[in-house]
Amino acid sequence: DIDVTCREILENLETLKQRLHGYVQEVREGFPRLYLLNENDLLQFIGNCSNTEVLNLHIQKIFLNVMSCGVHGGCVTHVVSNRINLESESVMLDSPVQLLGSDLEKTLPALKEAMTRTLMASLSSKIETLSQINLDLITRFKTLPYQVFLLLLQIQFSKEFFSSIKSMQTDSMRDRILGLIHDITKLIYNEPTSKQSERHRHTCMFLISFISVLDEICNNNSNRSWIIFKTVMFKYLPCETGKSDKSAMKLMDVSMNLAGHKISYSWEYQGLKAPLVYTHVTEKMFVSFARSLYEIKGTNLVGPAGTGKTETVKFFGSLLGKFILVFNCDENIGMNTVTSIFKSFVTEDAFLCLDEFNRFNQEQLSLVSQTIQNIQFLIRSNFNGVPFVLKNVENFQKLNSGCAIFTTMNPKSLAYSSR
């Protein structure tokens, strides 16, 4: 009978659909960033993981600063960053990562670990050779990943900054860095099409922020403690001796010191990112961010559109080497999508920025706010799992205590001003 046959086929298709959905969920649980892919994309990724074109199509949705991967002999050998003004950088991995067919939940964590290990090794190999911020430092380290170069620059500045205060030589340090800015500007002018020109421009912006700090110290002797309190400083503690490279990297301690608090560096690959212009408003926001991270309360940024709320969060996260996930809120977005975003985020040492938060409707605002409150409470309680209230999701996920949530709102939007 054709009706019976059709019913059997439909039942078999439904069974296959449920099993396939269960398999997809199992893969996602193995590496929660895969929640950022929809089911169709994830199935394509699983079925063609060894295909370089498919790998590069989806990898930038999971590692947000990676544009593509270089594959040789079935192994990922290097990663290429996103482009900034047509420039990008290629970073050779410390050890190649084998593409394990459909085992994405094993391949992607291995790739993440390899990128972290490569960044750590680059820093540890050069940190002991630092002596002074000068043109030699810029030219010697030009082959390093730009993220590592900036970290070295900030660590060295912090070291020299306190030394100059102690020896009362902040004026000479300021003059030396100002001379370095002039030298780098000449390099950019003489070789505007050089592959290093974009790095040089970004470096100049960081050096200008150093000059601003030194100017404040030179002109405000009575407020030195406050200037130090609100200035971003980086500290590196060397590894214990007698350890193997792998164990030593776990012991490497790089941290940001700001507003009296220590915030550990996270080692997510950042690529070649343009820095934010550093102003007094930026300083105040960074101090607020540091306080909110310490108290595990999150931060809500309110202001007109286009004033840099989201970009400031992204820049602060990049300074800390964080995985930064920006989600554009809207009342037309289904709560299953919001749930997936939270699931991909809570297991990472990451920042989640809910942009235009008041675009959610009242029901969505209530559910999301309750979830945020639960996450923050559990971090304070050192709990290791998150019960999701969204759509009555009952399963628990491993919670990373380094995750933090930021929200931005535009109250002048007529349609959403009452929320």
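Here is a short chat about a predicted model.

Biologist: What is the mean pLDDT of the protein?

Modeller: Ground rules: residues count from 1 along each chain as its sequence is written, side-chain values use heavy atoms, and hydrogens and water are left out. In this predicted model, local features need pLDDT of at least 70 and side-chain atom pairs count only at pLDDT 80 or more, while totals for chains, interfaces and linings use all residues. pLDDT is the predictor's confidence in each residue, from 0 to 100. Here 90% of the residues reach 70 or more, and the mean is 86.

Biologist: Over residues 241-248, how many contacts are there beyond near neighbours in sequence?

Modeller: The pLDDT is below 50 there. Where pLDDT is low, the coordinates should not be read in detail. Counting contacts as heavy atoms within 4.5 Å, the stretch 241-248 has four.

Biologist: Which residues of helix α2 are buried?

Modeller: Helices are DSSP runs of H or I with at least four residues, strands are runs of E with at least two, and both are numbered from the N terminus. Buried means under 20% relative accessible area, exposed over 50%, and partly exposed in between (1.4 Å probe, protein chains only). On the other side of α2, Asn40 and Gly47 are exposed. The buried ones in α2 (residues 39-47) are Asp41, Leu42, Phe45 and Ile46.

Biologist: Why do those sit on the same side of α2, and what do they pack against?

Modeller: They cover an arc of only 135° around the axis, which puts them on the same side of α2; the arc is taken from the directions from the helix axis to the C-beta atoms. Their packing partners are α1 (2-30), α3 (52-62) and α4 (104-126).

Biologist: Phenylalanine 206 and phenylalanine 315 form an aromatic pair; what is the angle between the planes?

Modeller: Rings of Phe, Tyr and Trp (its six-membered ring) pair if their centres lie within 6.5 Å; planes under 30 degrees apart count as stacked, over 60 as edge-to-face and the rest as tilted. Phenylalanine 206 is in α8 (residues 197-219) and phenylalanine 315 in α12 (residues 309-319), so the pair ties together parts 109 residues apart in sequence. Both phenylalanine 206 and phenylalanine 315 are buried. Their pair is tilted, 6.1 Å centre to centre, and the angle is 45°.
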